[in-house]
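Here's a quick walk through the fold, going sheet by sheet and then into the cores and a few individual residues. Have the viewer open as you read.

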Amino acid sequence: MPSSETPAEHRRLLLVLARDSIGHGLRHDAPPQPDGNAYPPELLAHRASFVTLHLQQRLRGCIGSLQAHRPLIEDVAWNAHAAAFRDHRFQPLREAEFAAVHIEISILSAPEAFPVRSEEELLEKLRPGVDGLILEEGTRRATFLPAVWDSLPEPREFVTQLKLKAGMPANHWSDRLRVSRYAAEKFGE
């Protein structure tokens with residue numbers, strides 16, 4: 001779980017940064033480089049984030065980082081730009097959509113190994129509405145943020161759809177399957 005809830009002013013700064021990054025992307029191919037001097041030190045810590053875009057209450061893009069590897073302000077700027085222009089499931093965001101797009105940011109805790117011996121054990125230990133989940137086997141990997149529980153509230157369906165997203169059969173289970181979980185603090189415009 002993120003160590004503590006992000007203060008309202010920091011949330012506002014991150015949402016403005018995400019929107020500015022998308023606006024910059026409408027004119028330039030790359031996101032802007034945020035000036036670290038303009039942000040509180042807490043937002044310069046290395047943190048992982050996802051940026052999710054909705055248009056008319058439908059998913060319009062979602063890109064993020066599972067591991068913290070850069071300052072949070074850079075991660076949010078890059079992920080906002082990528083959600084708008086590089087999510088392969090969607091055409092790049094158009095200028096006409098920009099004003100109406102709704103931005104959500106999720107700040108992730110570090111993923112922790114979630115050792116389970118069977119799918120049944122996984123289903124018993126999952127915390128609906130709380131756990132983000134990562135499934136990995138070989139070159140296949142997929143994640144669902146905790147927010148996905150809103151649309152897939154049943155643990156079995158949550159896990160089945162995540163396996164399908166990873167390119168695995170719905171009934172797949174093996175000793176090589178690695179499971180990790182994480183929490184996320186989500187906020188939006």
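## The sheet with strands 4 and 7

Strand 4 and strand 7 (residues 178-182) run antiparallel and are joined by 2 bridges. Within that pairing, A113 sits opposite S180 of strand 7. Keep in mind that this is a predicted model.

Zooming out, the pair belongs to an open sheet of 4 strands, ordered 4-7-5-6 and paired antiparallel. At the edges you'll find strand 4 (112-113) and strand 6 (140-144); each has a single partner strand, so one side of each has no neighbour in the sheet. Helix 5 (residues 155-165) lies across strand 5 (132-137) and strand 6, and its direction is at about 140° to strand 6.

Look at strand 3 and strand 8: they run antiparallel, with 5 bridges joining them.

Which residues touch the most other members of the largest nonpolar core? They are L14, I22, L53, V76, I103 and I105, out of 26 residues in that core. The elements that contribute two or more residues are helix 1 (8-25), strand 1 (48-55), helix 2 (72-85) and strand 3. Helix 2 provides the largest share, with 8 residues.

L53 is a handy place to start if you want to trace contacts. Not counting residues up to four places away in sequence, L53 touches I22, R58, L59, R60, G61, A83, A84, V101, H102 and I103.

## S106, tucked into strand 3

S106 lies in strand 3 (residues 102-108). Is S106 buried or exposed? Its relative accessible area is 4%, so S106 falls under the 20% cut-off and counts as buried. Setting aside neighbours within four places in sequence, S106 is in contact with A48, S49, F50, L145, A184, E185 and K186.

## Positive phi in a loop

Now for some backbone geometry. Q56 is in the loop between strand 1 and strand 2 (58-64), and its phi is positive, about 55°, although Q56 is not a glycine. Q57 is placed in the loop between strand 1 and strand 2 as well. What is the phi of Q57? The value is positive, about 65°, and Q57 is not a glycine either.

As for accessibility, Q56 has a relative value of 74%, which is over 50%, so Q56 counts as exposed. Q57 comes in at 78% relative accessible area, so Q57 is exposed by that cut-off too.

Terms used:
Residues numbered from 1 in each chain as written. Predicted model: local features only at pLDDT ≥ 70, side-chain atom pairs only at ≥ 80, totals over all residues. Heavy atoms only, no water. Buried < 20%, exposed > 50% of the residue type's maximum accessible area, 1.4 Å probe, protein only. Contact = heavy atoms within 4.5 Å. Core = buried A, V, L, I, M, F, W, Y, C linked by side-chain atoms within 4.5 Å. Pairing = 2+ DSSP bridges. Axes fitted to C-alpha atoms, helices over the stretch in contact; angles between N-to-C directions.
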